[in-house]
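Please have the sequence to hand as you read.

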Amino acid sequence: MRFYQIPLVIFLIASNFLFSAALPHLKNQGSAVQLIVDDRPFLILGGELGNSTASSLNYMKSIWPKLVQLNLNTALIPVYWDLIEPREGTFDFMLIDGLLEQARQNNLRLILLWFGSWKNSMSCYAPGWVKTNPDRFPRARLKNGQPMEIMSAFSKENCDADARAFASLMRYLRQSDSHKHTVIMVQVENEVGMLSDARDWSPAANQAFSGPVPTELIDYLTEKKETLIPEFHARWAKKGFKTVGTWEEVFGKGLPTDEIFMAWHYGRYVQAVAAAGKAEYPLPMFVNAALIRPGYKPGQYPSAGPLPHLMDIWRAAAPAIDFLSPDIYFPNFAYWCRQYHQSANPLFIPEAQKGPDSAAQALYAIGQHNSMGYSPFSIENIENPANAPLANCYGLLRQLSHLILRSQGTFMSAGVLLDKQNPIQEIKLGRYNLTVSHDYTWGWSGGDPKAPSWPKAGGILLIQGPDEYLIAGTGLIITFASQCPGQTASIQWIQEGNYDEEESWVPGRWLSGDESHQGRHLRIPMGQFAIQRIRLYQYK
């Protein structure tokens with residue numbers, strides 16, 4: 001058969017296959033991990049919708065314009081097992097189809113959140129045919145025998161049902177979205193963890209707890225022994241790094257061992273679900289964690305979730321999961337970023353407290369920790385979205401994404417996050433030492449330095465040449481010092497501006513006078529969001 005005799009439809013299908021962009025995937029760049037979408041690095045400027053918002057296409061019609069006004073490029077949207085599979089084996093993807101279409105109409109990508117067996121520890125989104133048949137789909141139990149509204153991780157029936165539903169979802173996405181890539185990642189379950197005991201005390205769980213630690217886990221820990229998370233390494237070391245025995249014989253008695261045991265079994269369950277989905281459509285997948293309040297013990301918080309001290313257990317148990325993510329609602333934001341940006345785990349923040357500090361936190365996470373992106377929760381409830389600080393911040397990040405993504409993993413950038421408790425940060429970047437101060441530390445800033453708390457200031461610092469930097473953010477005052485002994489650093493010029501859609505610099509005001517305190521510093525006032533380029537020079 002000659003080429004021109006091939007039926008046109010076959011030729012078009014083959015051409016579409018050959019020339020379509022690769023699926024969204026993760027790729028290393030230097031020390032960073034980046035999300036690649038349509039063959040280009042992608043920075044997630046996200047927002048997570050409230051749990052119920054995306055359950056109605058009609059309700060969503062008024063939400064999409066708000067997301068666009070906030071300068072989002074990605075919405076994080078729940079997908080509900082009970083709506084997808086209302087009757088066992090009967091799947092309904094009408095809602096998913098409508099969300100995909102609406103997102104495309106608004107030029108937004110989606111990250112789907114699989115609300116399957118667990119959402120915030122509980123099994124509230126399991127279908128009715130699962131909830132009402134506890135004999136077939138058993139519940140976790142407290143130590144006193146009380147059954148919980150939590151599906152047991154020790155039931156193969158539970159796991160298989162969830163995995164079948166998730167695989168059906170991913171198969172549908174492959175069929176309906178694999179050439180458009182509206183959906184770029186998937187979160188598997190939501191804030192997995194055991195409440196109000198540290199572990200499940202059902203008969204199946206008790207039997208597993210009295211049995212030996214699985215060989216797969218021991219082999220992983222032995223291989224990674226020198227690079228384990230320090231807290232976990234110390235726990236295992238107390239028992240002499242034993243490699244044979246029950247959970248208590250290998251890790252000791254107490255709540256920490258209960259939690260380690262539970263983390264392994266939660267991880268294995270999630271692994272089975274994620275692997276079934278990836279077999280259908282291998283998008284990047286992650287899990288998220290509800291964090292630990294100070295002083296809380298396992299069971300008081302969602303025990304055994306993908307927390308930093310359990311990172312090695314989750315990695316061993318669930319290799320189909322690409323990374324672990326924090327849901328950060330606590331004021332020590334930088335601390336939790338550091339906890340999750342360690343041991344080669346890339347940072348992505350799928351949930352954060354929405355509010356005036358969101359903008360500064362996004363700048364810090366992306367600039368300092370090479371975060372793949374940032375996403376406040378209940379994004380649709382931000383008032384006056386077009387003028388919100390987050391909209392201004394995301395507007396800057398949209399302009400700078402090409403420079404940020406190019407610098408990730410190369411140690412050519414830094415991020416800062418300042419408040420009253422942490423008003424100054426010293427940074428070595430390129431040939432200079434930078435002192436970055438909160439705007440309220442300056443007597444002429446207009447802020448109240450005596451206020452009990454200060455709004456968070458944040459920014460991204462990018463090297464643009466041997467003596468040139470690009471600074472973007474809000475509430476910053478920066479001075480510069482030479483790293484060469486005997487040399488004095490000074491400001492040659494500062495220029496405000498922006499980047500157009502062609503990624504070209506559009507110059508604005510020349511800031512060499514009052515705005516720079518007559519050449520003493522670079523300043524972006526608190527509450528304003530701006531991009532400034534600065535060129536330095538040195539002299540003796």
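Ser 121 sits in the loop that links β6 (109-119) to α6 (128-131). Helices (H or I, at least four residues) and strands (E, at least two) are DSSP runs, numbered from the N terminus. This is a predicted model, where local features need pLDDT of at least 70, side-chain atom pairs count only at pLDDT 80 or more, and totals for chains, interfaces and linings use all residues. Residues are numbered from 1 along each chain as its sequence is written, and side-chain values use heavy atoms, with hydrogens and water left out.

Is Ser 121 buried or exposed? Ser 121 is buried, at a relative accessible area of 0%; buried means under 20% relative accessible area (1.4 Å probe, protein chains only). A polar atom of the Ser 121 side chain lies 2.9 Å from the backbone oxygen of Gly 193. Leaving aside residues up to four places away in sequence, Ser 121 touches (heavy atoms within 4.5 Å) several residues, including Ile 150, Asn 190, Met 194 and Pro 302.

## Strand β23 and its partners

Strand β23 (residues 530-539) is largely enclosed by the rest of the structure, because seven of its ten residues are buried. Strand β18 (residues 468-474) pairs with β23 in the antiparallel sense over six bridges; strands pair if DSSP finds at least two bridges between them. Here Ile 471 faces Gln 532 of β23.

Strand β20 (residues 488-499) also runs antiparallel to β23, joined by nine bridges. Ile 494 is opposite Ile 534 in β23.

## A three-stranded sheet

An open antiparallel sheet has the strand order β1-β2-β3. Its edge strands, β1 (25-29) and β3 (40-42), each pair on one side only. Five bridges connect β1 with β2 (residues 32-37), and Gln 29 has Ala 32 as its bridge partner in β2.

Note on methods
Buried < 20%, exposed > 50% of the residue type's maximum accessible area, 1.4 Å probe, protein only. Polar contact = N/O pair within 3.5 Å; in protein donor to acceptor, adjacent residues only side chain to side chain.
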